[in-house]
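Keep the structure open as you read.

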Amino acid sequence: MEKRRGPPPCQSKEGCSNPAKIRKAKDGAQLCGPCFSRNFEDDVHETITNNSLFKRGERVAIGASGGKDSTVLAYVMKTLNDRHDYGLDLQLLSIDEGIKGYRDDSLLAVEKNRVEYGLPLTILSYRDLYGWTMDDIVAKIGKKNNCTFCGVFRRQALDRGAFKIGATKLVTGHNADDMAETVLMNVLRGDIARLERCTNIVTGEEGDLPRAKPLKYCFERDIVMYARTNQLEYFYTECIYAPNAYRGYARKYVRDLEKVHPSAILDLIRSGEKVSVKKEVEMPTLKICERCGYMTSQKMCKACLLIEGLNTGNTDLGVRKTKKSKKVTVEAEGSNKEENGCGSSKGGCGCSAAADETENEETRKRLKDLQF
Amino acid sequence: MLHSNGQKQIQISAQQEKIYKDADARETLIVYDGTPSGAFLLSQIDDALKQITYKRLMVKPTVLVMVSVTDPMEIQLVLDRVKEIKSVFLESVNWITAHIACCMYTESKVFLEDVCNGAELIPEYNDVISSCSIPTYQKELERVLKEKCLQMIANSLSISKCMVPDDADDLGRLAIDQLCLGRGGSLSALVTVLDKRDDFMLIRPLCDVSKKEISIYNHLCGIDEHCIPIAQTKIETKSVQSLTDSFIRTLENEKFYSTINTVLSTASKIHNTNSSKEGSRCLLCFVETADTLCKTCLAIQRACTGDKIGRFVR
């Protein structure tokens with residue numbers, strides 16, 4: 001009778017003899033629980049030291065949502081700060097978007113972290129900062145485009161919160177999967193300015209508050225395994241408002257990539273790191289918002305524009321191009337109609353300027369039959 | 001209208017990039033791979049050469065029929081079909097049929113007409129491809145070796161320019177594949193009109209034309225019948241390339257029609273952060289800056305059993 005095979009031994013470099021229980025998604029190493037945790041922490045430590053992310057004595061705000069990434073980030077930062085004596089003053093910073101049944105519950109998880117890790121917690125709300133909660137916004141604009149409002153407001157709210165507590169740096173729980181997805185999204189949207197900077201481990205250095213991503217090279221699956229191994233409590237419900245449809249496709253693609261070809265995640269990040277915009281391409285210049293003083297490339301920052309839209313009832317403001325500009329384009333196209341066509345129907349041309357309507361119809365019918 | 005647009009596209013590509021400013025270097029290898037895009041390119045070049053006004057395309061073409069099927073019977077069928085097509089397009093120019101296995105040649109060769117050059121190297125070529133155990137890298141290796149083959153043939157014929165029938169859909173997918181393989185910095189060279197290498201230039205005149213446009217044009221102008229199934233059809237294994245294909249299809253089905261255009265436009269505006277350092281190029285892919293092999297090509301080498309890649313980089 002064939003002997004049943006047990007789990008393979010831990011592949012840790014320290015020569016551990018425990019049976020392996022976890023396969024690390026990043027490099028496929030099979031490790032036992034404690035060695036996996038240590039390996040994960042060493043990875044983050046390496047990222048922090050190689051990129052000189054912090055200075056001794058700095059006050060660092062940890063963006064905490066109560067989800068897996070920020071919970072793991074807070075735990076790892078505290079562990080490494082104690083173990084390697086970074087000398088950092090760590091503080092938790094949460095944003096209450098005002099989503100009943102979602103954010104109020106996740107903030108309870110952050111509150112638990114505050115007690116367990118002994119880190120001070122500051123919570124800022126959208127209502128206090130902008131006069132609107134996400135529930136109010138969704139009631140006003142519906143479920144379409146609400147992620148645009150939430151994303152813009154949260155980014156600015158975190159900056160304002162960090163200033164409030166006197167932090168000199170803000171760390172967020174963006175992981176490798178998030179980074180890969182962002183690189184892809186920026187290519188798909190043609191946002192070259194963001195594409196150039198989105199993989200930087202520290203962004204916003206030109207402003208007053210740099211943002212760092214210590215989990216940049218950690219795979220999402222490893223973060224979940226780390227949270228489980230260390231029995232961290234986190235909130236894992238998806239936002240109750242519909243997720244951004246377009247990003248959803250990119251997310252699914254990145255997840256499929258990770259299953260079929262795991263190194264594609266780090267390769268996507270590597271691609272983003274190697275990209276820079278050609279000199280001849282015009283780029284937006286950074287200015288100060290006329291209304292609130294926040295950095296922007298326009299006269300008004302996006303958050304002020306969105307609030308203006310909400311307060312005046314023009315909810316498309318800052319979300320999509322105005323109908324006026326669309327109308328102008330349509331009219332311009334209409335006036336050029338004759339110039340655009342070839343003007344000849346001799347070759348059976350059925351384009352807009354063809355003279356013979358019957359030939360037009362005939363060609364259209366032929367094209368329809370093709371069923372491309 | 002569509003007809004004149006297609007010709008215009010090739011003229012614009014040639015003029016904007018000043019590809020033919022040197023009157024002595026008008027010899028160009030026109031690659032015909034049997035696809036609708038390949039047939040479209042042939043018809044466009046044929047038309048452009050027949051023009052008598054300033055619209056005439058000033059090139060001296062040599063048509064290269066690129067074969068990747070491996071069955072001798074199928075290769076013979078391709079040769080027979082090429083004879084027929086030759087009587088329709090570019091009859092007066094040189095036609096060469098070569099198998100992708102020509103990439104295995106280590107030195108310049110004399111290419112004969114009316115035979116499939118390099119067919120004797122098919123087993124050796126298959127051996128290299130099958131030595132790669134990871135499907136994504138296997139497909140990438142095929143792509144890289146195809147370019148190597150084009151360069152080898154062009155060098156043997158003392159031609160420095162090569163027009164390939166890659167259309168917008170092919171290049172959009174390639175851009176995303178290359179992003180996922182870590183070659184993001186080289187996207188501009190890989191998917192735009194011009195890809196200048198040391199002594200070789202790849203020209204992609206159809207980079208702004210979609211497959212759909214080409215299909216409509218071919219149907220209306222009766223070019224459909226000049227397509228040949230030259231490429232090897234394989235059982236699809238899951239790879240980055242197959243995932244990208246289904247990802248783009250999903251987006252198009254969901255009416256995000258401009259995805260390909262946006263990806264290609266983005267690719268044309270970026271370059272490698274280290275592009276100022278004019279260092280040596282990767283010996284396998286020729287696009288990334290590296291002393292010997294770039295990171296992606298090193299990964300391909302590691303995925304191959306034995307020293308099968310070594311012969312290409314010595």
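**Notes on the two chains**

1. Start with a loop in chain B. Lys255(B) sits in the loop that links α9 and α10 of chain B. This is a predicted model. The phi of Lys255(B) is positive, about 75°, although the residue is not a glycine. Most residues other than glycine have a negative phi. Is Lys255(B) buried or exposed? Lys255(B) counts as exposed because 7 other C-beta atoms lie within 10 Å, and the cut-off for exposed is 12 or fewer.

2. Asp85(A) is not a glycine, yet its phi is positive, near 50°. Where is Asp85(A) placed? Find Asp85(A) in the loop between α2 (68–84) and β4 of chain A. Asp85(A) has 9 C-beta neighbours inside 10 Å, so Asp85(A) counts as exposed.

3. Now take chain B as a whole. Its secondary structure comes to 12 helices and 8 strands. Chain B has 314 residues, and 46% of them count as buried. Next, consider contacts in chain B between residues at least 6 apart in sequence. Of these contacts, 73% join residues at least 24 apart.

4. Strand β1 of chain B deserves a look. β1(B) covers residues 27–32 and is mostly covered, with 5 of its 6 residues buried. Which strands does β1(B) run parallel to? One is β2 of chain B (residues 60–67), joined to β1(B) by 6 bridges. There, Thr28(B) stands opposite Pro61(B). Another is β5 of chain B (residues 161–163), joined to β1(B) by 3 bridges. In that pairing, Ile30(B) faces Met163(B). Strands of a sheet pair through backbone hydrogen bonds.

5. Chain A has an open sheet of 6 strands. Their order is β5-β4-β3-β6-β8-β7 in chain A, and the pairing is mixed. Which strands lie at the edges? They are β5 (121–125) and β7 (202–203) of chain A, each pairing on one side only. Further in, β6 (residues 169–171) and β8 (residues 211–212) of chain A pair in the parallel sense over 2 bridges. Val171(A) stands opposite Ala212(A) in β8(A).

6. Helix α3 of chain A (residues 103–117) lies across β4 (89–96) and β5 of chain A. The angle of α3(A) to β4(A) is about 165°. Helix α6 of chain A (residues 146–164) lies across β3 (59–63), β4, β5 and β6 of chain A. For α6(A), the angle to β4(A) is about 140°.

7. Chain A is divided into domain 1 (22–276), domain 2 (284–320) and domain 3 (323–370). The C-alpha centres of domain 1 and domain 2 of chain A are 25 Å apart. Their contact takes 14 residues from domain 1 and 11 residues from domain 2 of chain A. On the domain 1 side, α5 (134–141) and α6 of chain A each supply at least two residues. Which element gives the most to that side? It is α6(A), with 5 residues. By class, this side of domain 1 has 8 nonpolar, 4 polar and 2 charged residues.

8. One annotation comes from a record. UniProt lists residues 289–316 of chain A as "domain: Cytoplasmic tRNA 2-thiolation protein 1 C-terminal", in an unreviewed entry. Over that stretch, chain A is 39% helix and 7% strand. The end C-alpha atoms of the stretch are 20 Å apart.

9. Last, the two chains touch. How many residues of chain B are in contact with chain A? There are 31, and they meet 33 residues of chain A. Elements that give two or more residues to the chain B side are α6 (168–180), α8 (211–221), α9 (240–253), α10 (259–269) and β8 (270–272) of chain B. Of these, α10(B) gives the most, with 6 residues. The chain B side divides into 11 nonpolar, 16 polar and 4 charged residues.

10. Strands also pair from one chain to the other. β9 of chain A (residues 275–277) and β8(B) pair in the antiparallel sense over 3 bridges. Val277(A) has Ile270(B) as its bridge partner in β8(B).

Key
Residues numbered from 1 in each chain as written. Chains lettered and ligands numbered in written order. Predicted model: local features only at pLDDT ≥ 70, side-chain atom pairs only at ≥ 80, totals over all residues. UniProt positions renumbered as here; feature names shortened; annotations may be inferred. Helix = DSSP H or I, 4+ residues; strand = E, 2+ residues; numbered from the N terminus. Contact = placed C-beta atoms within 7 Å. Nonpolar A, V, L, I, M, F, W, Y, C, P; charged D, E, K, R; others polar. Pairing = 2+ DSSP bridges. Axes fitted to C-alpha atoms, helices over the stretch in contact; angles between N-to-C directions. Buried ≥ 20, exposed ≤ 12 C-beta atoms within 10 Å, placed from the backbone. Domains from an automatic or database assignment.
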